[in-house]
Amino acid sequence: MTIEGQGELITHTDKPRLGKLLSLTVEPGNGYVVSDISGCNGYFQKHSLRFEAYTPTMSCHIKAKFIKESDFIGQLRLLRKGFYAPEHFDIDVRPSGDGRVSRVNLYSNFTWQATEDGGITAQLTQPVKVSVDRLTDNSDIYYDVEITGFDLKNHAEGVEVTWHRQLSKDGEVHRADSLVDVLDDIRDFTNVSLTEAHFVGAWSLGYGEAEYYYFSKHQDKDEFLSWSEAYQLVLKENGEGEIQNDGKTTSINWSWHGNYIEIVEKDGYNNTVHISLLSELDGGYQFNADFENLPYSATLNNGAGVMVKHQIRAPEIANTVSVWRFKNGPELEVLDGMELYTNGVARMGAAVRYSHTYFDDNKLYLQDFWNVETNQRDTNCTIEQPECVEQAYQRITPLAQGERTLFALSAIKTIDGQAESSRLRVIARGGEGSFTQFEPFMLSNFSLYERAGENISHWRTWYSNGIYKILTPYGEGDTQIDEAGRIKYGYQGEYYYIQLLAASSDGLKVCHYAESDACTEANETFLSYQ
């Protein structure tokens with residue numbers, strides 16, 4: 001026998017007999033684990049730490065390798081920080097010195113070695129293309145981003161991951177560098193425990209999706225945050241239930257196990273998934289879903305996200321003036337939202353993409369119509385007109401709410417004839433009269449009109465290469481929202497402000513003045529939405 005590292009192989013007989021079973025107890029040294037053990041056609045039982053082989057008629061050799069223990073040996077699940085529904089990275093680090101990383105667009109085997117700081121460094125078997133990127137923010141040339149390996153080490157706030165990249169074009173590598181991120185380790189969460197009775201009812205689940213530009217340095221990532229298709233999970237008292245997704249219903253059995261529930265899909269494959277609650281989210285929960293074995297044709301997915309239990313009486317969303325802010329994380333900038341009025345009219349942000357909005361049965365509808373006679377989008381169209389066809393819509397259904405948060409299901413169709421898709425949304429909803437100042441999300445679709453007699457001037461903003469731009473009758477420039485909630489922009493060496501004074505479903509009363517001036521009655525104007 002040959003032993004590498006610190007550990008022992010203990011025999012239970014002094015004279016092993018030919019053709020008889022030889023059983024060895026494997027004892028790693030303190031701080032060591034078994035990396036590999038082989039020889040004599042034997043088999044290593046990991047759980048019992050025994051190596052067994054039938055003694056051959058000829059001499060044979062058993063080799064055992066022990067390596068230092070590492071926090072990263074085993075099956076890791078790492079989550080993006082700061083997201084309600086984070087994308088995940090599954091990394092299987094095996095004591096044998098190899099492993100596998102699994103993430104959308106990044107499935108690869110790897111070999112690894114321990115590092116002096118207690119971490120590991122891993123090399124993929126071959127570079128894997130995961131995204132595209134530019135060499136600088138101002139470049140127009142895109143290169144393939146290929147991951148060649150990664151490093152893991154402990155960090156005060158989770159796990160520090162260094163992704164080793166190379167930027168290639170037409171088979172030629174133009175740059176090799178790295179991208180560093182700190183991710184949450186699923187093992188660091190203290191799961192939320194609910195009673196079995198609390199789980200009974202209807203739930204909606206929204207998984208986090210992998211961000212295509214995550215591995216890019218010179219690409220605006222915030223524009224591409226998204227959640228996957230929503231699932232409805234119905235859990236009945238008798239341990240039965242169902243999963244609804246994309247028009248498909250799958251029957252299930254479920255059971256409660258204290259800090260997680262087990263779901264078995266009754267579709268012939270018996271895929272089994274464990275769902276645990278990682279943290280509370282003001283009326284909802286962040287969850288983790290993990291299959292017992294590699295799933296086959298499963299309805300649910302591996303991963304993490306947000307789940308919320310439907311309240312028996314849905315929250316009232318009509319008859320209240322409020323600002324809705326669609327959020328992807330507690331500290332992330334709000335990139336979309338709308339101001340909502342009691343008559344069902346929605347303005348700003350998401351609402352600008354639709355020509356009609358209204359309430360019906362405590363749901364908010366946003367619609368767009370196509371005029372088949374003029375062959376164009378028509379804001380004057382209604383569903384009653386035969387020449388008008390509903391082209392796109394969004395239907396928002398409230399599910400539950402906490403003290404500050406509304407959870408809603410957003411059903412979207414973007415093209416006539418296309419199937420409807422649903423997303424679970426987390427909405428920070430302001431109270432009555434909350435629209436008193438401009439917010440960053442409003443710059444994404446700011447489009448209003450100033451009338452002076454027969455003259456009409458268009459005020460609008462747009463987004464270009466990570467910068468918001470604004471056009472007013474008085475000039476064009478880069479713009480932002482300042483701490484006072486004013487729109488601030490620069491033009492010909494001077495700064496100007498647009499300050500909100502009053503808001504209604506018809507338009508905004510604002511002050512427009514130079515930095516050297518102040519808001520007065522003389523520089524007030526009314527900007528209408530139409």
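**The largest pocket and its lining**

Modeller: By class, the lining of the largest pocket holds 14 nonpolar, 10 polar and 10 charged residues (nonpolar being Ala, Val, Leu, Ile, Met, Phe, Trp, Tyr, Cys and Pro, charged Asp, Glu, Lys and Arg, and polar the others, Gly among them). The model is predicted, so local features need pLDDT of at least 70 and side-chain atom pairs count only at pLDDT 80 or more, whereas totals for chains, interfaces and linings use all residues. Residues are numbered from 1 along each chain as its sequence is written, and side-chain values use heavy atoms, with hydrogens and water left out.

The lining comprises 34 residues, and Arg 77, His 88, Asp 90, Ser 102 and Asn 302 are those that lie nearest the centre of the pocket (on a 1 Å grid over the protein atoms alone, a pocket is an open set of points where a 1.4 Å probe fits, with protein on both sides within 12 Å along at least five of seven lines, and lining residues have an atom within 4 Å of a point). Its volume is about 1000 Å³, which is the space filled by probe spheres set on grid points joined across faces, edges and corners.

At least two lining residues are supplied by each of strands E8 (74-79), E9 (88-93), E10 (98-103), E16 (201-208), E22 (285-291) and E23 (303-309), strands being DSSP runs of E, at least two residues long, numbered from the N terminus. Among the contributors to the lining, E9 gives the largest share, 4 residues.
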